[in-house]
Each structure stands twice: as structure tokens, then as C-alpha cells.
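This report describes selected sites of one protein model. Please examine the sequence and structure shown below before reading on.

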Amino acid sequence: MATTLRQASQALLTRIEDRFTQVFGPGCNPFFHLGAMTIYFFWIVLISGLYLFAFFETSVYGAFQSVERLTHEQWWLGGVMRSLHRYASDAAVITMMLHMIREFVRDRYRGVRWYSWITGVPLLWMVFLLGITGYWLVWDVLAQYIALVSAEYMDWLPIFTDPIARNFISQEALSDRFFTLMGFLHLIGIPLFLVFGIWFHVMRIAMPNINPPRTLMAGSLIALLVLSLIKPAVSHEVADLSAVPGELSLDWFYLFIYPVIDTIGVGSAWILLTALTFLLMAFPWLPRKKAEPVAEIDLEHCSGCTWCVNDCPYGALTMRPRSDGRAHKQEVVIEPDLCVSCGICAGSCPSATPFRKSEDLSTGIQLPQFSFRRLRDEMDTALSELRGDARIIVYGCDHAATVKQLRGGDVAALSLECTGMLPPSLIDYALRDRKADGVLVTGCCEGDCLHRLGNTWMEQRVNGERPPQLRGRVDRDRVRVRWASSTDLATLRREIDGFRQDLGEMDAKGAPEAPLVAVESGRGA
Ligand code: HEM
Ligand code: SF4
Ligand code: SF4
């Protein structure tokens, strides 16, 4: 049941993302940069917030007036900054929530990935707290409503000797110090915790994507500016503690909890929020993910080249001085608790070449459940079954378009845990002696990869931009790279049709046979 639900939600999400890819292109699809977009919106919030704070008066009577002056008298800059501040904050909540839902739907929160999930939960609350303290500073009737309900909420806990609500009995009871405290929390205290929290959150991820593409940044900034001009952010009436706030227009992104507290009462709201937090925290173990065997190192075949260390998207590999007395200076070492079993390191190792004489084809690093030897053998079987004039072998991944559905006659297909697991030497191997006429490499959509970087590294290897490179003498016209999401098999079918035709034309023109190529022999082989 849970699996069916997950598959259905994954398919729905992928379809939505495919639509966005059609509009924005794969490089600028916002769904592929949600964490980075959240950080970017916080930058806008920070810069606009600093401007606002330069004019803000931290006193009971000055707070409202100073914000009003900025909004109306200096609407062309102060007003725009205020609106940008508010709308960028709202945008950050949207991208953060979508980011959380996406990681959940794509099942990137269980097993070894529990850490990223658990450290994400406090970020949720910090972001909401930041927004709420911001609304409070304006000191209009909305702020008054927030202040009263929040005070009631906090006073429910038996930890304050002086009830907070006492500060809001009358305008006179409210002191300027209170606004200084709120200003400190909103401008320094919570943002500092948030920055530290985000750093902690991405700490275990190698090369985290914290900057969205420039086009996406420029586009969203323009959209926020346009919105700020069309619908400037304004205050309600000034707060009046002697009157009950009338009708309020809430920012539902931040203030949704207040009507809930009003409806169910403070005690129930505490129970609800605490239960929700614990439930979210427990998600990675509901149910626990079956542990996959992690990558295994065979020092006999490791030359200490560092390629796998540079490619591992989860920082699970490091180098240390050689311990086995071999001539090489370093050796690789794995931290099993960080390994997500993606296999990308197996594709990086120069010892992963099928041209070696050794029978067992052991390599410096590989997944025990899908060894290089097994990969080569499965490939041999697939290649031997190919028939026709334009025989194509497709290498795909288990999380994108199901390449096995393409099999038949002149098309063979192998599906890996991640395309990044494929050493370029196997492309070479397929084309050498014309075991196949063409190779198509595919996997998760461009700009997106279940294991973060597998398709990026693969493309760079094929283009000769990253080791281990596809040897320059391999006939590049016979190698295609086409990324396609799990709902986009049609794209691959079209690609294969075109490829088949091109291969046929190449052969008809008597294009020279693919030369026999030397393969990246690797320092460890
Ligand atoms: C301030 C809010 C947040 C920011 C700025 C943020 C940012 C990021 C960034 C930059 C990454 C790395 C993306 C990559 O390079 O692949 C990431 C990963 C992740 N985030 Fe967040 N995040 C936030 C909130 C959350 C929340 C609330 C959750 C869930 C409770 C969450 C769950 C995750 C998970 C599970 C990953 C790891 C994905 C993987 O293993 O590939 N994040 N986040
Ligand atoms: S299998 Fe993936 S996560 Fe594990 S060490 Fe290799 S590249 Fe890193
Ligand atoms: S030889 Fe292979 S296992 Fe050793 S460091 Fe290089 S890529 Fe990693």
C-alpha cells in the first residue's frame, strides 16, 4: 500500500516536473534547485531586511510610524524593499515546503540520508519563527493579534514566572525594551541560528547545490519586484491594546497556526505541534529503509588516484597514507555510515576496465551487489543478443526512464543503480570490434539525479572533461547521451529512432569503422 502510494506520488511529481522542464528547460527547472532557491530567497530577505532596519525605530510608538514612513513616503525604495522582504520570505516558505515534500516523495530521507531530514526539521520551525517575529515588529493590529495569541501560547508552559501576556495588558505596560528584544531576535538571533542550521543541514553532502542558476535567480527577482510594485506590502491599522483586533488579513504562509490555536485552544495546539515535530523526526524510520551493502574497496587494485573521492556525492570517501606498503602514496577509505550505495565511485575507478587480463576483474572500488565483473558479463550477454544493421546498447538507471522496455532486436539495455556507475571503458568495449554500432547513455533528467551528481559526472566523462574520460579516439558519433525522466520513455524511443537512422546513414556512406581504441588503462590496473 505504502509502496503503491509512493510510486503514484513519484509519478505525479515527475509529470509536474516534466511540464516545468518543458517551460524552463532542464537547467532552470526550479524543482531541481529548491534547497538552493530557499537560500537565495533568504539572501533577498537579508539584504532588504538590513535596509529596512536602518530606518526602523525600536520603540512602542516609533515602530509602526517608521514602517509607515518607509512604505508611503519612500515607496520607490523603502516600500519596494519592504514588499521584497515580505514576498521573498513567502517564496522561501514555498520552496522550503516543496523541497521537503520532494525529498520525501523521491525517498531521499531514509537510510543513510536520515541526517539531512532530521536536521531539516528544526529549520522549518526557525523559518516560521523568523517570519512571525517579523510581523510582530510592525506593531499594527495584526502584530497585536499575534502578540496576544503567542503570549497566551507561551504562558501555557509553566516556565515563566511573570506571564508574557502581562506586557500586553495596555500600551503603557509595553516597553521599548520589548521591541529591542524582538529586533535582536528577528535580525540577529534567529538568522544566526538559521545560517548555522543550514550549514549543519548540508554538512554531509559533497558540493551541495546552494546557488541556483543565474537565470533562475534573475527571473525570480524580477517576478518578486513586479509583484512588489503591483501589490505593495502594507500594514493594518496601528495596534491599540485597549481594543480587540477586528478583521485581519493573514499571511497564511507564516501565520496559519494562529487561527488553529484560536480554534483548538493553546493546550491542544502545543500537543499538535509537538506531535507533528516528533512524527516528522521519526519519518526516516517509518518504515526503516532496507540497508544496501555499501561500496567495497580492494586496495590491491587501488592506485590512490583520488578520482572516486572527488566523485562521491555524499563525502563517504577520503584518502589516507598507504597502509599496505605498496609504492602508491595514498589509499582510499570509506565511511560506511555515509555511503548511499549509489555506485558512482565504481564508475570513477580507472581499474574498472574490461580489457584487463585478470579473470575476476576486481576493481579498486565497487558495489558488491553489482560488481564490475557482473556488469561486464551482463553486457556481454546483452551484446551477443543484438541483431540488425544498427545495433544499439542503452545504459540507463533504475530511477529514470525504464530502459528495459526498449529491449528487442537491435536494441539491448542495461539498467544500473545510477548511470554514474558506468565506467567509460564499457562504452569503449561495446564499440570496439563493433559488438554494437551505437551506445546510448541515459538516466535521470538533466540537472537532476537521484544520487545528486551521477548524470553530471557521466556527461563530463563522455565529453572528456572529467576522469576517467572516454578515450578521444572512440568514434563520438556512435555515442549519444540523452537524459529522460521516468515518465519520458517516448523521448528515448524517438532518440533511438533518430540514432538508428544516423547510424544507418553513417554506414551507408562508408564511414570508417570505429577505430580500435586504447582504453584508459588506469593507474591501479
Ligand atoms: C531553510 C530551509 C532549508 C534549506 C535552505 C535547505 C537546503 C538544502 C540544500 C542546499 C540541500 C542540498 C541539495 C543538493 O545539493 O543536492 C538540501 C538537502 C536535503 N534537504 Fe534541505 N533545506 C531546508 C529545509 C529542509 C527540510 C525542512 C527538510 C525536511 C524535513 C529537508 C530535507 C533535506 C534532505 C532529505 C536533503 C538531502 C537530499 C539528498 O540526500 O540528496 N530540508 N537541503
Ligand atoms: S557508493 Fe556512492 S555514496 Fe557510496 S562511496 Fe560510492 S559514490 Fe560514495
Ligand atoms: S584507484 Fe579506484 S579506488 Fe583507488 S582512489 Fe582511484 S578511483 Fe578510488
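By class, how many nonpolar, polar and charged residues does the shell around ligand 2 have? This is a predicted model, in which local features need pLDDT of at least 70, side-chain atom pairs count only at pLDDT 80 or more, and totals for chains, interfaces and linings use all residues. Residues are numbered from 1 along each chain as its sequence is written, chains are lettered from A and ligands numbered from 1 in the order written, and side-chain values use heavy atoms, without hydrogens and water.

The shell of ligand 2 has ten nonpolar, two polar and no charged residues. Nonpolar means Ala, Val, Leu, Ile, Met, Phe, Trp, Tyr, Cys and Pro, charged means Asp, Glu, Lys and Arg, and the others, Gly among them, are polar. Among the residues around ligand 2 are C312, P313, S341 and G343; a residue counts as near if one of its heavy atoms lies within 4 Å.

| Residue | Relative accessible area | Class |
|---|---|---|
| H99 | 22% | partly exposed |
| H201 | 15% | buried |
| C302 | 9% | buried |
| C449 | 5% | buried |

Methods: Buried means under 20% relative accessible area, exposed over 50%, partly exposed in between (1.4 Å probe, protein chains only).
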